[in-house]
Amino acid sequence: MKNKGLKAINKAAKRLEEKEVFGMGDIDINVATGQPVGCTTIFDTGWETNPRPTMPMGNCIPSARDFASCAGPCWWPAQVPDNITNWPNRQDQCPRAEYDWRNLNYVIKR
Amino acid sequence: MPRFKVADYKIFHANGKNFVFLIDDKAIFEMDDQIGDIIAEWEKVSDFNDQEFLASLPDDLEDRDELFNSLLCKHLIVPISKGGPKKKYHEKGCSAHLSVQTLVLHLTDFCNLGCVYCYHDQWESPATQKKRMPFHVGKKAVDFALEHSNNYGRVLLVFFGGEPLLELDLIKSIADYAVREGERRGIQVEFSMTTNGTLLTQEAIDVICRCNMGITVSIDGFPEVQNRNRPFRDGRPSYDKVVWNVRKLLEVTKRPVVARVTVTRNPENLQRILEHLLELGFTEVGFSPVTSGASGYKLNKEEMTTLLAQFKVLSKRFLQSIERREFFGFSNIIDLVVTLHQGELMDYPCGAGLSLFAVNPEGRLFVCQRFINQADFCVGDISNGFDLEKLLEFRKQVHIGQKKECVDCWVRTICTGGCYHEACLREGDFAKPNIHYCEWIKDWTKVGLETYVRIAADSPASLDELSLMRGYSPMRNL
């Protein structure tokens, strides 16, 4: 995507730019930032080799250890409940991953 | 057909480049001349549709649709029907969410210094009415904080006063209890303390190190200023004592120790004061203009101008140090740069009454430490919990949506009206914005924006390092 004469400098600008790149449409930015953006805060294993502010494009994330991602413009290599449409409140039970990850359970689709 | 308008913005320049700060998104973009011309032109048209916009673009411009979509996605152009964030402020109202992330423990009303500008003086009571927090209240306050941490997993306890180190035994008991109780409940308890530095005995330093306590020392700089503004109660000078103690602390503590300077009349020496305090070993030095009601110490207009000039020089030195990959501990610019870097949207200027509360020696809860013992700002007590009605009324009153004077201001999402306590003293109403320093804040924010984009160009990684120092996890970076 061309920059179109605008280059995002701070994080708020980059959040808007990513929305555009990933075709998220005109989602309310307040809602988008209320969720974990990108990968989870703690077990985001890609960061050492692909330090932010770029996305962890080339890195795979061990799904066994990371349960709260897949929100916003982030791809996901394994099956986890989708927290955008069907289980929007799933991660409420896990406010801090390093303490609360045990609370995250499987979702059984009926 | 949807109608659009140009979002509220502020243009600024640095390094020969143009930048745009989108006010309601707190987003900063570097911008080429063409975009600058387009938004300047369409800003004059308060209401347009996409066809009108596209038709105005030069014929030879490729991807005109894409340009429009890009401006829309990046919020330079916003749909009118949505009303923009200004309207959103009013609709959203205030949060009823209850959690405590920081609890300030007002351990004692007593202090061994007699600072000339102390904001406690205005409601100072006779010694017989002054109170100290008994341990059972401190213990209950810890329980209260832990119970209200709402799965956040972490609570910060701040030892405050008066001079908190007059109550060293109490600090020890409370800290021990809080660590024990925190471990039991799986909540991490952190400590910090603001002290005048006169009572940093070896025993106190041991406690500080053991609790890994973050320390801020109130100190005004050179001996003559410190001794004049911050003497002991009996008039003896305090500088030598503070410096002697602080040196001992700095030798052993692993955490950064911050100096907080209250700026009174004659603010022309800030550079020298900052150098002096950094030489003593402080990691950072922050400056606050005095907020006392005592008019003799308030900065007048010229002095505020001098203060800004000094801040500009110090910001320049901060920038140069970043270029040399060094750290120059000027807190005020670090705070501003980190705020701009994170770009978080806020409806309130601070956490007072949201996730920060202060508890007095009797166990009553106040919206922050500055309003301690003021009945109007009491929002419950640690035995019976929050007075929800009063707290929500407070939140409603101080919400940015209520501050009519701020609606058209370009720094509204950064300043958000400023300190409630200062507004109380200067504007006569805690819920009013601090109009008295509006222009100053705008000028200072401009310095911050220019400094920020220069760092972003030269050393972007240092922005994440600075954010980390302010408690932002680098892994949440985007």
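Mentor: Chain B is divided into domain 1 (4-92) and domain 2 (102-299 + 345-357), with bounds that come from an automatic or database domain assignment, and the C-alpha centres of domain 1 of chain B and domain 2 of chain B lie 45 Å apart. This is a predicted model, in which local features need pLDDT of at least 70 and side-chain atom pairs count only at pLDDT 80 or more, while totals for chains, interfaces and linings use all residues. Residues are numbered from 1 along each chain as its sequence is written, and chains are lettered from A in the order in which they are written.

Chain B has 17 helices and 15 strands, where helices (H or I, at least four residues) and strands (E, at least two) are DSSP runs numbered from the N terminus.

Now to the sheet itself: ten strands of chain B form an open sheet with mixed pairing, in the order β11-β10-β9-β8-β7-β6-β12-β13-β14-β15, two strands being paired if DSSP finds at least two bridges between them. At the edges stand β11 (284-289) and β15 (385-386) of chain B, each with a single partner strand, so one side of each is left without a neighbour in the sheet. Within the sheet, strand β8 (residues 188-195) of chain B pairs with strand β9 (residues 214-218) of chain B in the parallel sense, over four bridges, and B:Met193 has B:Ile215 in β9(B) as its bridge partner.
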